[in-house]
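This briefing treats helix packing, a surface patch and charge pairing in turn.

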Amino acid sequence: MSEPHQNSLQGMAIMSGAMLILPTMDAIAKYMATFEAMSPGQVTFYRFFFQIACTLPILFALFGLKALSAKRPWMNLLRGVLHGAASLLFFVAVKYMPLADVFAIYFVEPFMLTALSALFLGDKVGWRRWTAIVVGFGGAMIVIQPSYEIFGLKALLPVACAFLFSLYLFLNRAIGEADSPLTMQTMAGIGGTVFMAAALLVGSSSGNADFAVSLPSSGLGLVLLLALGTISGYAHMLVVRAFRLAPLSLLAPFQYFEIISATVLGYALFDDFPSFSKWIGIFIIVASGLFIIWRERLQAQSLKSS
């Protein structure tokens with residue numbers, strides 16, 4: 001077996017594993033809000049704080065202070081702010097809504113990223129992909145409609161989260177290879193922690209229950225928060241590793257694996273399971289996203305061969 005092929009297989013295996021693991025973070029956030037009465041804002045702060053606490057000592061031991069030596073520090077810190085804000089909206093959403101519903105709506109993010117790349121980076125997006133974007137948003141509306149009737153405007157939080165995360169990924173592309181993935185992730189973690197500390201201060205002072213400041217109320221809660229930070233830090237490192245082994249066009253479809261573990265965890269822990277109509281919406285979103293990824297891969301191959 002050739003080395004490039006072997007690397008691609010390793011990349012796909014690592015990516016699929018990371019995508020199956022990552023929804024555990026959101027299940028922990030929902031558990032902390034539901035059973036430990038901890039606000040989503042506080043959970044989001046701990047997510048970034050414990051991520052830094054778990055990864056920074058190892059990074060310093062391996063690479064020294066150069067782990068924080070970024071060529072574009074402010075853009076990397078801005079990435080952390082966007083990631084922190086997106087995570088906050090996601091954790092607020094999972095407090096009130098089923099995990100699978102939130103993930104399904106959130107998967108409009110590839111459509112937004114494609115649109116942003118076309119509008120601001122000049123990427124060529126033909127009518128087929130624009131149609132897939134519109135169809136994908138239609139699928140999201142199928143999922144949102146019953147959730148909106150139950151949860152009101154909170155049902156739109158995953159859409160706002162997807163937009164912020166698409167901006168975060170857009171900045172990744174804009175920065176390019178100016179900084180190493182390790183440095184980018186470390187700086188983003190610091191940016192997310194600082195942002196959430198400020199958000200907690202403002203939100204709690206205004207009396208918003210979703211920003212209430214608290215410590216873990218049990219030993220289990222502390223363990224889960226440590227696990228949250230650990231999963232956040234190392235699962236995203238797995239994603240970085242996967243992208244070094246295999247091309248983006250090959251790995252992108254694996255992000256939809258998240259809906260599998262999100263559905264299983266939602267049903268096992270919270271007795272949540274999508275209705276038939278929501279499954280139709282999920283199918284439309286995933287199919288539209290896979291079509292966009294397929295068209296982007298065709299275009300990349302065409303440009304390479306020309």
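Helix H5 (residues 99–106) packs against helix H12 (residues 258–270) at an angle of about 160°, and their axes lie 8 Å apart. H5 is therefore roughly antiparallel to H12, a label given to angles over 145 degrees. This is a predicted model in which local features need pLDDT of at least 70 and side-chain atom pairs count only at pLDDT 80 or more, while totals for chains, interfaces and linings use all residues. Residues are numbered from 1 along each chain as its sequence is written, and side-chain values use heavy atoms, with hydrogens and water left out.

- On the H5 side the contact (heavy atoms within 4.5 Å) involves Leu99, Ala100, Phe103 and Ala104.
- H12 contributes Glu258, Ile259, Ala262, Thr263, Leu265, Gly266 and Phe270.
- The contact residues comprise eight nonpolar, two polar and one charged.

**Surface patch**
- Helix H3 (residues 40–63) supplies the largest share of the patch, three residues.

**Salt bridges**
- The count is two salt bridges (a side-chain nitrogen of Lys or Arg within 4 Å of a carboxyl oxygen of Asp or Glu).
- Asp210 pairs with Lys95, their closest N and O atoms being 2.8 Å apart.
- Asp210 lies in the loop between helices H9 (181–205) and H10 (219–245), and Lys95 lies in helix H4 (residues 73–96), 115 residues away.

Key
Axes fitted to C-alpha atoms, helices over the stretch in contact; angles between N-to-C directions. Helix = DSSP H or I, 4+ residues; strand = E, 2+ residues; numbered from the N terminus. Parallel < 35°, antiparallel > 145°, perpendicular 65-115°, else oblique. Nonpolar A, V, L, I, M, F, W, Y, C, P; charged D, E, K, R; others polar.
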